[in-house]
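Let's take a friendly walk through a structure together. Have a look at the picture below, and then we will go from the place where two chains meet to the inside of one of them.

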Amino acid sequence: MTTQALDAALWAWGRGTGIAALALFTLSLLLGILGRSGRSWRLFGRVGVSDLHRTAALTGTGLVAAHVGTLLLDPYAQLKLVDLLFPFLAAYRPLWLGLGTLAMDLLALVTAVSVLRGRLGPRVFRSVHWATYAMWPVALVHALGSGTDAGTTWFRGFAVVCVVVVASAGLWRLAPSYAGRGWARVPRRTT
Amino acid sequence: MTRAVAPMTAPRTPVRRVLDPTPGGSGPVPDLSLSSLLAAVEASGLSGRGGAGFPTSIKVRAVAEGRRRPVVVANAMEGEPLSYKDAVLLARNPALVLDGLEIVGRAVRCRRCILAVHEESLDDAATGALEVALRGRQVELARLGGGFVAGQETALVNQLNGRAPLPGDQFRRVTEVGVDGRPTLVLNAETLAHLALVARHGATWFRSAGLADDPGTSLFTITGSVRRPGVVEAPRGSRLADVIESAVPVQPQAVLVGGYHGGWVPARDLDVRLTRPDLVPYRAAVGAGVLHVLGADVCPLDFAEQVAAYLAAESARQCGPCVNGLPQLASTLHRLASCERDHALPAELDRVARVVSGRGACAHPDGAARFVGSTLDVFHEHVDEHLRGRCPHDLGVRR
Amino acid sequence: MSTRLHIDWTRCDGHGSCVELLPDVLTADDHGFPLPLSRERDPRVPARHAEAARHAVRSCPVMALRLVRDA
């Protein structure tokens with residue numbers, strides 16, 4: 001394979017994995033809200049929703065690793081290892097890429113705490129998990145700003161779909177009818 | 001329902017062990033090794049006087065076997081509004097409770113010894129007396145807050161650890177991880193008083209009162225329709241009628257044995273012995289010695305409804321079945337007390353009572369269920385009248 | 001020796017995954033909280049449901065479940 005072709009392939013892989021990751025995190029966020037609602041969904045039930053939520057998130061995490069790994073190899077991206085941890089230091093589109101670093105840092109934190117939640121307990125897990133609500137929009141803006149597909153119709157369409165999905169789910173999350181997990185209950189004291 | 005205050009005219013108490021201010025000569029606090037203490041307590045057969053009636057030696061042994069030095073807590077929180085035996089004990093004989101606490105503390109090599117009291121149960125005079133009794137002792141006085149459930153073992157430990165006075169999951173036993181993360185021994189104040197006497201006078205002496213399988217004496221708080229409410233001391237296994245006699249009951253309809261988590265003994269059965277097996281048919285247990293006499297002029301369902309509402313309000317609200325179920329019990333009981341002619345009410349009460357039992361971090365819902373069940377059982381004739389739309393106590397007045 | 005399912009009621013928020021996974025052991029009460037069919041406090045989990053029980057413990061969003069070995 002020629003260097004040019006290889007570079008093009010890496011760039012395509014880099015963008016592709018990133019976009020796929022965003023799609024999966026959008027799905028995971030939606031499923032997270034569906035799961036938190038405590039409602040049972042035909043076909044999946046509650047367990048199916050929570051299993052799929054985790055699988056989508058883990059797959060998305062894997063895709064982010066592939067995304068970053070590919071871009072480290074791609075000369076066009078000019079990505080250095082330091083950029084993986086510290087945002088806004090990159091050579092290429094530092095602002096937008098910095099958001100990607102930020103999103104990835106948040107992802108690493110959420111993932112680590114999830115894996116260790118047996119030791120850390122449900123309260124630490126829950127408070128750190130709130131960071132996913134920050135991670136998602138940061139990742140989206142990163143994609144819109146640093147991805148070269150951002151101008152294309154299909155990507156814009158995809159971004160709009162993601163935003164609509166997250167916004168609707170988010171609105172439902174805030175609605176009073178969402179509470180009590182769908183049951184008529186006296187609210188518990190939760191610390 | 002506010003905290004009860006110990007009245008001035010108390011009934012005459014036939015036996016005086018822990019209530020006697022100078023029990024057989026107060027000298028230096030006996031210094032017992034762990035094995036001596038365990039031997040003495042086991043031989044005495046002393047069991048807890050805080051409600052659960054757990055064998056004291058087992059608890060002491062459990063906490064002494066840990067690697068870390070334990071914390072010993074004397075529990076005088078007394079969350080039950082109908083009980084003030086521990087308050088009276090601390091007012092009359094604080095030295096004995098503190099002796100017991102020190103004896104246990106030394107034997108288990110405790111890191112801290114704490115006397116836990118509810119801040120509302122101590123007026124200035126009592127606090128002063130307690131502070132005098134505490135002088136020279138390595139005992140901390142913890143003045144705590146909280147409601148009905150605050151005296152529960154895990155709730156007490158949580159509060160001593162600076163958290164809210166709410167029960168915790170009992171999977172992690174406080175004898176393993178408690179105050180400051182250390183194995184913690186929580187003993188009722190009265191239990192410690194008896195223990196101090198056992199250390200001084202021996203197991204044989206202790207067993208000279210009471211029964212073979214439930215030896216010694218214990219304190220009873222007598223309230224309700226009596227001329228002389230107050231705290232008496234009586235041998236374990238005494239007849240209920242004998243224990244309440246000196247309080248001079250007035251037209252008793254029934255006696256609530258065990259407080260708001262207890263069960264009713266009807267007037268015709270007042271000669272029942274206050275032992276575990278004898279009280280089983282009444283769904284009652286001696287518990288912390290609460291004996292509340294219901295007078296003939298009180299509608300038992302009115303009383304029960306108020307108790308149920310109180311218990312619902314005192315839920316820690318952490319556990320779904322309790323926070324949902326107890327208000328259901330209270331409102332259904334209210335309907336029954338209001339003479340609503342719905343014959344499904346008793347069955348509904350029974351159903352909810354069964355569903356809340358065993359489903360919570362502590363025994364609060366179980367106690368409420370037991371109380372409601374006993375009320376329906378013992379007063380079933382009264383319940384039938386209510387279901388016909390009239391209360392026998394109202395003499396024709398419509399509710 | 002048997003395996004029992006212990007519910008930490010101070011955590012349980014009646015999400016319902018456990019009831020879905022262990023229909024022979026748990027049902028939902030009127031408010032969506034798990035109710036052991038055997039009415040035991042910590043219901044026994046039969047060996048054939050051991051995997052489902054482990055899945056339930058993992059799936060509980062508030063980590064209210066644990067499996068305990070009874071001696």
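Two salt bridges are found across the interface of chain C and chain B in this predicted model. One salt bridge to look for joins the side chains of Arg351(B) and Asp30(C), with 3.1 Å from N to O. The interface also holds eight residue pairs in polar contact.

How much do the two chains share? The table gathers the values for this interface.

| Feature of the interface | Value |
|---|---|
| Residues in contact | 15 residues of chain C, 19 residues of chain B |
| Area buried between chain C and chain B | about 1,400 Å² |
| Part of that area on carbon and sulfur atoms | 51% |

On the chain C side, Trp9(C), Thr10(C) and Arg41(C) lose the most area to chain B, together 39% of what that side buries.

Now for the inside. The largest nonpolar core has 64 residues, and Tyr260(B), Trp264(B) and Leu311(B) are among those with the most contacts inside it. Helix α11 of chain B, residues 300-313, brings the largest share of this core, eight residues. Away from its close neighbours in sequence, within four places, Leu311(B) is in contact with residues including Phe148(B), Tyr260(B) and Ala368(B). A second, separate core of 47 residues includes Leu32(B), Val97(B), Val104(B) and Leu195(B).

Conventions: Residues numbered from 1 in each chain as written. Chains lettered and ligands numbered in written order. Predicted model: local features only at pLDDT ≥ 70, side-chain atom pairs only at ≥ 80, totals over all residues. Heavy atoms only, no water. Core = buried A, V, L, I, M, F, W, Y, C linked by side-chain atoms within 4.5 Å. Buried < 20%, exposed > 50% of the residue type's maximum accessible area, 1.4 Å probe, protein only. Helix = DSSP H or I, 4+ residues; strand = E, 2+ residues; numbered from the N terminus. Contact = heavy atoms within 4.5 Å. Buried area = accessible area lost by both parts, 1.4 Å probe. Salt bridge = Lys/Arg side-chain N within 4 Å of Asp/Glu carboxyl O. Polar contact = N/O pair within 3.5 Å; in protein donor to acceptor, adjacent residues only side chain to side chain.
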